[in-house]
Amino acid sequence: MPRFEELEVGQQVAASEYKFSRDSLVRYAGASGDFNTIHYRDDIAQAVGLPGVLAHGMLTMGVSVQPVVSWLGDAGKVLDYGVRFTKPVVVPPYGYALVKVSATVAQLDAENRKARLDLTTSFEENNVLGKAQVWVQL
């Protein structure tokens with residue numbers, strides 16, 4: 001369990017990597033009910049001007065907060081979470097797309113024992129989420 005007193009602005013508190021494969025997208029589609037064909041058919045994705053099959057935005061958002069939840073040890077300590085989608089994660093037909101996530105302390109609220117963590121989520125050296133912020137209670 002992280003301690004508020006031990007945190008400093010600029011401190012990285014969590015990081016992880018996730019491999020998105022086409023199988024991952026199919027499983028996520030089944031769980032979420034999002035069967036948009038841009039998430040599993042190259043011909044449809046390219047026909048609408050996309051570079052290829054894209055990972056679901058909510059899948060990317062969901063895995064991005066997971067290192068923070070693991071660090072906290074309790075998902076109930078996440079008070080608020082928001083992102084902006086800035087770039088797609090293109091998932092190749094074979095192999096996987098590697099998504100890297102890190103969480104850094106951006107703001108500390110000592111009176112309320114809350115911390116804002118900024119997430120950096122990248123794919124092929126590009127940030128795929130903008131203004132990805134998580135407020136947590138400690």
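Arg22 is buried, with a relative accessible area of 16%, and its place in this predicted model is in helix 1. From Arg22 the description passes to Tyr40, which Arg22 touches, and then to Lys114, which lies over the face of Trp135.

**Arg22 and its contacts**
- Leaving aside residues up to four places away in sequence, Arg22 touches Tyr40 and Asp42, and also Val53, Val91, Pro92 and Pro93.
- Arg22 counts as buried because its relative accessible area of 16% falls under the 20% limit for that class.

**Tyr40 and the nonpolar patch**
- Tyr40 lies in the loop that runs between helix 1 (22-32) and helix 2 (42-47), and with a relative accessible area of 39% it is partly exposed.
- Together with Val26 and Phe35, Tyr40 forms a nonpolar patch on the surface, for which the accessible area of the three residues together is about 320 Å².

**Lys114 and Trp135**
- Lys114 is found in strand 4, which covers residues 114-123, and at 24% relative accessibility Lys114 counts as partly exposed.
- Lys114 lies over the face of Trp135, at a distance of 5.3 Å from the ring centre, whereas the number of aromatic pairs in the structure is zero.
- The C-alpha atoms of Lys114 and Val136 are separated by 5.6 Å, although these residues are 22 residues apart along the chain.
- Not counting residues up to four places away in sequence, Lys114 touches Phe4, Leu79, Gln107, Leu108 and Asp109, as well as Trp135, Val136 and Gln137.

Note on methods: Residues are numbered from 1 along each chain as its sequence is written. This is a predicted model: local features need pLDDT of at least 70, side-chain atom pairs count only at pLDDT 80 or more; totals for chains, interfaces and linings use all residues. Side-chain values use heavy atoms; hydrogens and water are left out. Patches are made of residues with over 30% relative accessible area and no salt bridge: like charges are joined within 9 Å, nonpolar side chains (Val, Leu, Ile, Met, Phe, Trp, Tyr) within 5 Å. Accessible areas come from the Shrake-Rupley method with a 1.4 Å probe; for residues, only the protein chains shown count as cover. A salt bridge is a side-chain nitrogen of Lys or Arg within 4 Å of a carboxyl oxygen of Asp or Glu. Helices (H or I, at least four residues) and strands (E, at least two) are DSSP runs, numbered from the N terminus. Buried means under 20% relative accessible area, exposed over 50%, partly exposed in between (1.4 Å probe, protein chains only). Rings of Phe, Tyr and Trp (its six-membered ring) pair if their centres lie within 6.5 Å; planes under 30 degrees apart count as stacked, over 60 as edge-to-face and the rest as tilted. A charge sits over a ring if NZ of Lys or CZ of Arg is within 6 Å of the ring centre and within 35 degrees of the ring normal. Contact means heavy atoms within 4.5 Å.
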